[in-house]
Amino acid sequence: MSDVAATAIDVSRLPRSPGSVLEVSTRLPAPADLSVAMARVVPGSMIDVDVTLESVVEGIWMSGTADVEVSAECSRCLDPIEWSETVELEQLFVYPATDASGAIVASAGADEADGGDVDEPEPEVHEDTIDIEGPLRDAVVLSLPLAPLCSPDCGGICAQCGERLESIDAPHDHPSTDPRWAALEALLEDAEQGVSEDERER
Ligand SMILES: [Zn+2]
Ligand SMILES: [Zn+2]
């Protein structure tokens with residue numbers, strides 16, 4: 001009945017006395033769907049995690065970094081791009097609540113089925129492991145660019161001819177730069193290919 005997540009870190013070597021510190025360097029497989037709009041952590045890639053775990057009264061404070069491999073599309077020219085990104089990890093993992101006999105009791109808020117607006121509960125230390133997937137997800141969403149660029153001066157693609165532009169500020173010239181001519185040419189091409197005129201129906 002092992003339900004240890006692939007993104008779990010073993011914390012059994014960290015003494016529970018507050019102030020104890022454990023440095024952990026490990027490699028974990030990237031969880032699925034770690035992404036923002038046009039950028040994502042490469043599925044199945046390995047993530048280098050370097051964190052300091054510190055025992056505090058209520059649990060374990062984790063801080064450190066994760067190096068992720070990102071794949072994305074340039075938001076101007078749509079070329080595929082890849083790079084490495086270091087994201088900051090910071091998270092408190094709380095010890096599960098116990099009753100007088102020391103048995104673990106279900107924590108308030110652990111049941112997310114109601115989906116209310118309550119604050120998300122802190123993740124818990126689970127059988128001497130902490131699962132960093134949640135903090136990793138938060139960090140990646142905060143770090144990855146919403147509009148990635150293949151280079152800062154990518155000119156994107158000409159809306160008229162589809163050619164790559166030298167600069168975003170300098171559209172190039174065409175034999176006929178008047179957009180009305182371009183529209184007319186498109187219509188003529190359609191007519192030549194026998195496309196019906198239904199598109200223009202009112
Ligand atoms: Zn580009
Ligand atoms: Zn063009």
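A residue is classed as buried if 20 or more other C-beta atoms lie within 10 Å of its own, as exposed if 12 or fewer do, and as partly exposed in between, with C-beta atoms placed from the backbone. The model is predicted, and local features need pLDDT of at least 70, side-chain atom pairs count only at pLDDT 80 or more, and totals for chains, interfaces and linings use all residues. Residues are numbered from 1 along each chain as its sequence is written, while chains are lettered from A and ligands numbered from 1 in the order in which they are written.

The protein chain contains 2 helices and 8 strands, these being DSSP runs numbered from the N terminus (helices: H or I, at least four residues; strands: E, at least two). Their order from the N terminus is β-β-β-β-β-β-β-β-α-α. Of the 202 residues in the protein chain, 15% are buried. Among contacts (C-beta atoms, placed from the backbone, within 7 Å) with a separation of 6 or more, 59% join residues 24 or more positions apart.

Two loop residues other than glycine have positive phi values. D33, in the loop between β2 (21-29) and β3 (35-36), has phi near 60°; D33 is exposed because it has 9 C-beta neighbours inside 10 Å. L78 lies in the loop between β6 and β7 (80-94) and has a phi of about 70°. L78 counts as exposed because 12 other C-beta atoms lie within 10 Å.

S71 belongs to strand β6 (residues 59-73) and is partly exposed, with 17 other C-beta atoms within 10 Å. Leaving aside residues up to four places away in sequence, S71 touches R40, V42, P80 and E82. The C-alpha atoms of S71 and V41 are 6.2 Å apart, at a sequence distance of 30 residues.

Conventions
Contact = placed C-beta atoms within 7 Å.
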